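Reader: I am new to this structure and would like to understand the words used for it. Could you take me through them, one step at a time?

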Amino acid sequence: MLFNSIQFLVFFVVVTTAYFLLPHRFRWFLLLVASCVFYAAFIPIYLVILFGTIIIDYIAGIQIEHATGARRKYFLVLSLVANIGVLAVFKYYNFLTDNVNFLLHQLHITAHGLAYLSIALPIGLSFHTFQAMSYTIEVYRGNVPAERNFGIYVLYVMFYPQLVAGPIERPQAILHQFYEKKEFDFDRVITGLERMLWGLFKKVVVSDLLAIYVNSIYNHHKANTGFTLLLATYAFAFQIYCDFSGYSDIALGTAQVMGFKLMENFNLPYFSKSITEFWRRWHISLSSWLRDYLYISLGGNRKGMTKTYRNLMLTMLLGGLWHGASWNFVVWGFLNGAYLSIEKMLGIETNLGAHYSLPYKMLRVFVTFNLVCLTWVFFRAASFQQALYIVSHIFNPVGFWNLRIQDTGIFASMTLGVLLLLLLEYAYLRRHRIAEISPSRNWHRPMAFSVILILLIVGFGVSGGDQFIYFQF
Amino acid sequence: MRNFLLFMGMLALLLFGADFVLAALFDKLYQRARSGQTGGETNRYLAFSKLPTLLIMGNSRARYQVDPDSFAVPTYSLCHAGMGQVFQTGLLHLLEQENKLPSTVLLHVDFEEYTGDDNLEDIGNLRYYYGKSPAITTRIREISRYEQLKYCFRFYRYNGRVISIIKNFIQSRTATPFSKGYQALSPIANDSTSFVELTPPIIAGQRARFQYRNLRHLQEFLAICRRHKIKLLCFTSPYFVSRVSASMAALPIDSMLRAEHVPYFNAAAHPLPILQHHASFWQDADHLNVLGAGYLSQQIAQWSKPFLTADSTVIAPRH
């Protein structure tokens with residue numbers, strides 16, 4: 001079930017009410033059952049696959065802790081192979097088959113090629129796979145003891161607020177929380193609900209409205225030129241931000257209501273002044289996962305400049321592939337890796353202090369935003385050819401200013417949505433976190449915040465909007 | 001917990017108060033709008049003291065392509081771009097309820113609706129009438145199991161139309177509405193180049209299936225016409241490039257309308273050669289600009305002339 005559905009609202013109210021009514025010792029079981037119900041609402045049979053890898057990882061974690069020497073590594077590799085294997089089959093098999101068949105065809109080796117698998121991608125596969133791998137790696141590194149309670153371990157992988165699209169949690173951050181008794185706290189619950197509302201606003205008001213415009217342009221890209229394509233790309237930048245950060249806000253708010261603290265996943269990424277800074281603010285749980293388990297494992301920046309660039313490129317290429325089995329995502333990853341490498345090469349300052357002027361900082365923000373938007377073209381385009389067409393036509397001065405707006409009402413609504421987003425996020429929430437719109441001081445601000453958001457959702461929210469973009473990963 | 005319940009109670013009160021005020025404000029704006037496809041044009045028609053003889057209904061392929069001035073009788077176009085048959089039927093229910101039914105209706109039937117999912121969402125464009133029109137209310141509730149929960153907020157009736165309604169209200173005071181409801185598409189420089197790109201490719205082996213269950217909205221439309229002895233004529237506009245949906249849907253629709261004794265003109269199967277040979281008459285693969293619309297309007301007008309001047313009702317009563 002989607003976070004922006006009435007089914008989820010009913011589910012959330014029932015589960016949260018039952019959670020606070022139940023004695024603490026039964027709460028983990030309630031959450032586990034609720035998480036299974038939540039996941040089964042998508043494609044029930046995939047619970048079997050999920051449980052398969054959970055059992056392997058649970059056993060591997062305990063064995064890693066018990067074993068010594070090479071056996072420890074054996075169980076770690078077993079766990080990683082199981083997780084990556086599932087990912088490879090469900091996500092990358094058809095992509096690999098496509099490319100192998102293309103090569104076979106080009107080399108005239110065979111007319112038929114390899115067969116494709118017709119299976120749907122389990123929802124959230126990439127997320128819970130990475131979270132599971134994080135567990136066995138941390139146990140191997142000795143940073144966290146193996147979880148002995150099978151139910152708690154299952155809950156660690158399947159905790160419903162972050163099951164299908166993150167944030168990708170670390171075991172040391174969350175496992176202990178399932179043992180802690182959570183009391184009903186008025187402030188915490190209200191600010192958690194406010195966070196959920198804020199996420200819902202970003203998804204159904206801003207992101208889904210932008211999607212209407214973006215889809216109308218990108219799905220008919222050859223009928224559009226220059227500025228229209230550029231505007232649609234900017235719109236997509238905000239669409240994907242609001243879609244994903246909105247989901248994260250709902251996930252964090254849902255968890256917070258019940259007393260759980262999940263990691264922040266976004267920190268105003270489009271106000272970054274460099275690509276390095278951008279990747280510290282965008283999808284923080286994934287970028288830190290890639291840094292800690294891939295980049296650093298490859299040697300990080302400790303083995304000379306050449307290997308640093310190699311490690312950066314490899315990390316971002318694999319990060320691109322994580323998003324999707326398509327050359328578009330590989331190019332997206334390649335561009336980001338190239339940006340990071342060039343910044344390192346040129347020694348571009350990533351932490352701009354107070355001695356830099358505001359116009360300079362604004363210029364850096366503008367340049368960084370546009371560099372990121374260039375990569376979004378490959379992320380959004382349906383094919384590599386389409387992405388190249390769009391990029392080439394954005395930079396084509398012929399007919400550049402020919403702006404196409406099919407529905408002025410929708411265009412005006414989405415512009416209003418983006419302005420409200422910038423106003424609230426940059427002007428207010430940058431300094432005052434949602435936690436500060438707390439009823440502990442007075443009730444006026446949380447009341448006003450909630451009423452305004454709900455009315456905006458009722459008035460502008462897209463009904464029956466798109467699934468969250470990151471659900472497909 | 002006590003504070004929480006008190007807070008939520010106060011929040012609910014504030015919300016419903018604000019909802020009531022906003023809904024009342026937008027009710028006034030909506031009722032006074034006389035332009036725009038989110039209700040203004042319907043309001044304009046409902047305000048007519050003298051109804052046209054012929055009312056054209058349909059989606060953009062009627063709105064932009066059929067000029068009411070081409071017909072020999074007083075004609076008005078109440079077409080809405082992007083709206084499927086469920087909307088047209090809902091609109092006819094509304095005209096029935098308001099006693100504003102014309103004597104003759106020229107309905108555009110679009111094939112695409114019958115080769116895909118039954119798109120009920122279009123009835124949402126009439127959500128102002130939720131709770132005011134039983135037929136529209138019933139159809140809206142069919143959209144989803146939880147749809148009626150959304151209408152606990154009266155302001156939800158203006159969902160997605162807030163800015164349009166404000167714009168339409170202002171435009172009603174300042175701008176001149178489209179003459180007889182017809183909106184001509186002015187030719188633009190890249191008309192002849194863009195349509196080729198917008199034509200969806202006909203994929204070899206593509207298997208579209210005719211969805212018979214989607215006919216229920218059209219059948220309901222026929223039932224209203226029959227009930228009030230309205231002459232109903234149907235037509236389908238041409239495409240620049242033939243569609244799989246056209247070849248798939250033409251025969252069942254033709255058969256059904258024939259069985260109901262409803263005259264039907266399939267311009268997609270009988271396109272004028274001049275339209276097929278002049279790409280500059282098309283804005284895209286589905287829509288003629290004003291240059292091409294003139295020819296199609298004449299074609300439809302000539303075809304409909306004998307029916308418009310006949311005395312008897314066109315739809316034979318059911319036995």
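Author: Gladly! Let us begin with the word "domain": the bounds of a domain come from an automatic or database domain assignment. Keep in mind that this is a predicted model.

Reader: What makes 187-273 + 352-472 domain 2 of chain A?

Author: Domain bounds come from an automatic or database assignment. Chain A is divided that way into domain 1 (6-181) and domain 2, which is written in two pieces, 187-273 and 352-472. The centres of these two domains, taken over C-alpha atoms, are 28 Å apart.

Reader: How do you know that domain 1 of chain A touches domain 2 of chain A?

Author: Residues count as in contact if their C-beta atoms, placed from the backbone, lie within 7 Å. By that test, 14 residues of domain 1 of chain A meet 15 residues of domain 2 of chain A, so the two domains are in contact. On the domain 1 side, α1 (6-21) and α7 (160-163) of chain A each supply at least two residues. α1(A) gives the most, with 3 residues.

Reader: And how do you know that chain B is in contact with chain A?

Author: The cut-off is again 7 Å between C-beta atoms. Here 26 residues of chain B pair with 25 residues of chain A, so the chains are in contact. On the chain B side, α1 (2-32), α7 (162-174) and α8 (191-198) of chain B give two or more residues. The most come from α1(B), with 9 residues.

Reader: How many residues on that side of chain B are nonpolar, polar and charged?

Author: The side of chain B that touches chain A has 18 nonpolar, 5 polar and 3 charged residues.

Key:
Residues are numbered from 1 along each chain as its sequence is written. Chains are lettered from A and ligands numbered from 1 in the order in which they are written. This is a predicted model: local features need pLDDT of at least 70, side-chain atom pairs count only at pLDDT 80 or more; totals for chains, interfaces and linings use all residues. Helices (H or I, at least four residues) and strands (E, at least two) are DSSP runs, numbered from the N terminus. Ala, Val, Leu, Ile, Met, Phe, Trp, Tyr, Cys and Pro count as nonpolar, Asp, Glu, Lys and Arg as charged, and the others, Gly among them, as polar.
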